[in-house]
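Thanks for asking me to look this one over. Here are my notes, point by point, to read alongside the viewer.

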Protein chains: 2
Amino acid sequence: MPEEKRSPYELLAEKSKAIHIYHSILTLLHWDQETHMPPGGIGIRSEQIAQLSHLAHEEKTSKSYKKLLEELVNLKTGNLKAKGLSKPQKIIVREWRKDFNRSNKLPSSFVKAFSQLTSEASQIWAMAKKEKNFKLFAPSLEKIVAMNREKAKILGFKDHPYDALLEGHEPCMTSARVSKIFDGLQVELKKLLKKIAAAKKPDVRFLHRLVSDEKQSEIGHWIANAMPVDRDYTRLDLSSHPFSMSLHPRDSRITTRYLPKAFISNIFSVLHEEGHSMYEMGLPVEHWGTGLCEAASLSVHESQSRWWETLIGRSLPFWKHFYPQLQKILPGHLKGVSLDKFYRAIHLVTPSFIRVEADEVTYCLHVILRFEIEKQLIAGSLSVADLPAAWNAKFKDLFGLTPPDDAQGCLQDIHWSLGEFGYFPTYALGNILAAHLFSAFAKEHPDWEGRVEKGDLAFVREWLKLHIHQWGRTYDFDELAKRATGKPISEDAYCHYLKKKYSHIYNL
Amino acid sequence: MPEEKRSPYELLAEKSKAIHIYHSILTLLHWDQETHMPPGGIGIRSEQIAQLSHLAHEEKTSKSYKKLLEELVNLKTGNLKAKGLSKPQKIIVREWRKDFNRSNKLPSSFVKAFSQLTSEASQIWAMAKKEKNFKLFAPSLEKIVAMNREKAKILGFKDHPYDALLEGHEPCMTSARVSKIFDGLQVELKKLLKKIAAAKKPDVRFLHRLVSDEKQSEIGHWIANAMPVDRDYTRLDLSSHPFSMSLHPRDSRITTRYLPKAFISNIFSVLHEEGHSMYEMGLPVEHWGTGLCEAASLSVHESQSRWWETLIGRSLPFWKHFYPQLQKILPGHLKGVSLDKFYRAIHLVTPSFIRVEADEVTYCLHVILRFEIEKQLIAGSLSVADLPAAWNAKFKDLFGLTPPDDAQGCLQDIHWSLGEFGYFPTYALGNILAAHLFSAFAKEHPDWEGRVEKGDLAFVREWLKLHIHQWGRTYDFDELAKRATGKPISEDAYCHYLKKKYSHIYNL
């Protein structure tokens with residue numbers, strides 16, 4: 001069709017799709033880099049990524065893009081100018097405007113400087129972590145904190161500069177709201193942890209017997225194939241850290257890793273990443289190339305992964321069905337280990353230094369620690385030089401332990417070196433949302449345990465499709481939570497879930 | 001550096017590199033599609049490829065590209081305008097001009113129509129082949145032939161329209177030259193084939209015992225790892241047809257396939273693709289993004305793959321070294337099979353219908369058949385309707401057999417459906433060049449058999465680097481042949497090699 005015959009909406013939809021195609025190619029470049037790329041390919045890979053990212057950014061911030069968008073909507077007020085748009089089209093325009101405003105607030109000189117700084121900083125961080133030497137990383141982190149404070153100023157905020165950063169990861173949240181939720185959660189988690197510490201620990205030795213790579217591969221594919229997912233749309237590979245990367249709802253790939261002495265980690269990694277992947281596969285494919293076919297937020301994404309990893313994947317009915325199969329795959333390891341013993345073992349709760357290895361009860365405490373430190377760094381009430389001491393003091397308060405070094409303390413996560421502030425809270429918010437949603441799911445499906453015990457997982461996915469996946473960015477975190485359950489988000493359901501489950505397991 | 005401070009050469013080099021980066025990303029998209037992509041990804045993959053191809057084409061044919069190139073060189077005469085260029089830079093400019101002139105001769109409306117036609121035609125061809133029904137494909141092929149005749153006219157030629165098409169695949173060649181070489185070759189091959197037909201055939205049954213995928217994987221990686229190649233720059237995967245795809249000299253990947261009842265095909269596929277890959281890895285990486293870091297032609301590329309697959313990979317010294325190792329991998333299959341028996345078996349010569357399954361002696365006859373038919377189709381002396389009859393008659397003349405159906409006859413190859421005319425001759429020219437080069441290599445390394453027998457392959461690759469790889473497009477097919485051997489290309493060395501080898505094996 002000749003350009004002049006098409007509406008501004010159609011022309012912008014075409015541009016939006018072209019940008020999404022660039023991003024889907026970028027996703028493949030990253031996926032390949034983490035899974036199959038020969039090591040020698042890293043140099044050219046960086047150049048490929050840089051060139052394509054630049055192109056996508058240019059397109060998104062171009063004058064012609066802005067001009068078309070301004071024909072559709074008032075960029076300042078959000079008032080629609082275009083007539084005759086359908087309901088989905090109105091939402092698509094709303095999200096285009098949001099994205100445009102956010103990506104155009106930061107001057108490109110700032111974006112470039114920030115990208116250079118963090119690209120160097122992440123390498124320095126890796127070295128500092130390896131050498132357990134925070135001082136190596138401190139100068140980079142100081143610059144990153146300063147730039148994030150600057151970023152918050154540019155982006156704007158009402159109450160706390162941290163709000164501006166949080167918004168980039170969970171648009172619904174403010175630090176005040178997160179604090180309120182986390183404060184309630186912290187009290188309950190500490191109480192629960194104290195009780196569990198006094199109880200008898202399960203025997204977990206059989207979970208740490210050596211399992212060969214061949215067996216691990218069998219286990220990974222077995223559990224992936226058991227998920228209610230069309231295998232034509234996905235695949236499972238190995239990478240050093242498990243992840244999910246979606247090129248498109250019909251090409252959404254996950255990875256796992258093999259820890260020779262912790263085969264169970266392989267299983268929960270697959271379940272976690274399948275949860276992310278099912279969200280992407282459940283987005284309305286007919287709207288691909290617009291916000292209607294994008295996840296609502298990082299927190300909502302994390303709610304989907306944790307749903308499958310914990311609420312389903314660590315449930316007793318799940319293992320009633322799958323444990324006999326696992327015993328057949330690992331007869332030498334699991335012979336004589338009863339389902340009850342296995343179920344208790346996968347629920348070991350024990351304070352530890354590393355977030356990514358934490359159990360369900362302590363996990364959110366790790367997140368709360370980071371949230372509080374981030375807030376102070378961005379507010380300027382904590383200096384980078386004082387970070388290790390502050391970290392260790394808060395850690396002692398939460399877990400009763402002191403990290404032996406900064407590699408097991410404030411240097412453990414890559415996020416800050418990448419410039420990410422405001423990301424960590426989404427990990428806990430995801431857990432909270434998952435349990436919040438689950439309460440409604442369980443009410444609607446009072447027989448869920450019986451069905452899962454029979455290996456039926458399809459109806460679980462359908463429920464999530466109906467209440468979360470199909471909506472893309474139509475509704476935000478708060479709206480999704482409320483629409484699915486009738487209640488606004490709070491930590492209550494999550495605390496209730498943990499208390500009930502762990503009281504049973506530990507006879508509290 | 002600000003744009004105005006840089007020379008037209010520097011600016012064009014930047015554009016050239018950007019185009020190469022697009023192509024290297026396209027290579028990854030194709031590689032992934034053939035190896036790992038979930039089947040559901042095909043829709044979005046086509047869109048990714050189309051968008052990026054379009055971008056690369058736009059860049060290559062843009063006004064600004066042309067303007068810069070015209071500042072460097074007279075596009076018509078090829079006379080350099082730029083002063084102070086180094087010798088390599090002069091060659092780079094020469095090749096930029098060649099590429100530009102060729103890609104700008106065809107109007108973009110023609111390119112688009114051709115691309116649409118062949119995209120549909122290749123699907124129709126697949127169906128026609130499956131149904132063994134040439135008539136299904138005939139209307140598409142008629143259009144493709146017509147467009148190729150049109151293309152030849154646009155591109156221009158002196159003697160024969162086929163020359164214009166041949167030039168796109170082997171710029172050195174004309175149909176007259178190819179005819180002369182192929183005529184000589186045909187006579188010798190037919191003589192040799194006749195003698196072999198009268199001799200005793202080797203027993204090959206042990207080559208066709210079932211081998212499991214696990215063993216095939218072990219065999220593939222074993223032989224790949226034995227090649228004189230830095231494994232950090234490459235990898236081996238599975239695909240339905242073996243191929244080599246190079247993103248960059250530091251990321252050059254190959255594939256193989258497992259035929260359950262023909263493990264030897266796996267070995268020769270790996271050797272063939274490693275030959276292609278070594279060429280790409282041996283190109284001067286410091287010139288990546290220009291013609292100096294590109295292969296000279298398809299024929300030269302094929303000379304490298306056939307060198308490793310046949311001249312080295314089917315040589316007795318090679319198997320003196322590797323056969324005992326293979327026996328250890330497949331003890332059940334090769335127990336009691338002597339090296340002599342194995343060596344004879346992998347040299348079975350037998351006329352067959354399918355080119356890609358042909359042995360060394362009959363292979364080029366398959367190519368000659370296609371060359372003659374292509375020439376007639378393009379000249380207009382053969383109509384598409386008469387193609388099957390012409391094919392079968394020529395096949396009978398060359399092999400003494402008549403294909404049972406067109407799927408095993410003129411429908412067997414995908415090339416024509418993709419619009420490729422002038423490609424087939426490069427397969428034979430590659431064999432001819434390989435043997436031509438090998439005669440010089442053997443003269444320079446009279447001890448090559450002793451060294452290869454000890455498993456030393458690095459010096460073989462070094463010789464190829466020195467005489468072929470390092471030059472990129474500095475020299476063409478003819479110059480490479482002559483510089484390496486002192487003699488112009490001819491079929492003599494290839495005929496000599498085949499006669500000597502097969503006379504020995506078949507006691508002729």
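1. Let me start with where the two chains meet, bearing in mind that this is a predicted model. In chain B, 33 residues are in contact with 33 residues of chain A. Putting the two together buries about 2,800 Å², and carbon and sulfur atoms give 61% of that area. Which three residues supply more of what chain B buries against chain A than any other three? They are B:Pro38, B:Ile44 and B:Gln51, with 20% of that area.

2. The rule finds six salt bridges across the interface of chain B and chain A. One of them links A:Asp251 to B:Arg45, whose closest N and O atoms are 3.9 Å apart. Polar contacts between chain B and chain A come to 14 residue pairs, with both residues at pLDDT 80 or more.

3. Which elements of chain B supply at least two residues each to the side that touches chain A? They are helix 1 (8–35), helix 2 (42–60), strand 2 (244–248) and strand 3 (251–256) of chain B. Helix 1 of chain B gives the most, with ten residues. By residue class, this side of chain B divides into 16 nonpolar, eight polar and nine charged residues.

4. Now to the sheet in chain A. Three strands form an open sheet there, in the order 1-3-2 and with mixed pairing. Its edge strands are strand 1 (236–238) and strand 2 (244–248) of chain A, each of which pairs on one side only. On average, neighbouring strands of this sheet are turned by 25° against each other, direction ignored. Strand 1 of chain A pairs with strand 3 (residues 251–256) of chain A in the parallel sense, over three bridges. In this part of the model, A:Leu238 stands opposite A:Thr256 of strand 3 of chain A. Helix 10 (residues 263–282) of chain A lies across strand 1, strand 2 and strand 3 of chain A, and runs at about 165° to strand 3 of chain A.

5. Strand 2 and strand 3 of chain B pair in the antiparallel sense over four bridges, and B:Ser244 stands opposite B:Ile254 in strand 3 of chain B.

6. Finally, salt bridges in the whole structure. A search over all chains finds 68 of them. Within chain A, the side chains of A:Asp32 and A:Arg45 meet in a salt bridge at 2.9 Å, N to O. A:Asp32 lies in helix 1 (residues 8–35) of chain A and A:Arg45 in helix 2 (residues 42–60) of chain A, so this pair ties together parts that are 13 residues apart in sequence.

Methods
Residues numbered from 1 in each chain as written. Chains lettered and ligands numbered in written order. Predicted model: local features only at pLDDT ≥ 70, side-chain atom pairs only at ≥ 80, totals over all residues. Heavy atoms only, no water. Contact = heavy atoms within 4.5 Å. Buried area = accessible area lost by both parts, 1.4 Å probe. Salt bridge = Lys/Arg side-chain N within 4 Å of Asp/Glu carboxyl O. Polar contact = N/O pair within 3.5 Å; in protein donor to acceptor, adjacent residues only side chain to side chain. Nonpolar A, V, L, I, M, F, W, Y, C, P; charged D, E, K, R; others polar. Pairing = 2+ DSSP bridges. Axes fitted to C-alpha atoms, helices over the stretch in contact; angles between N-to-C directions.
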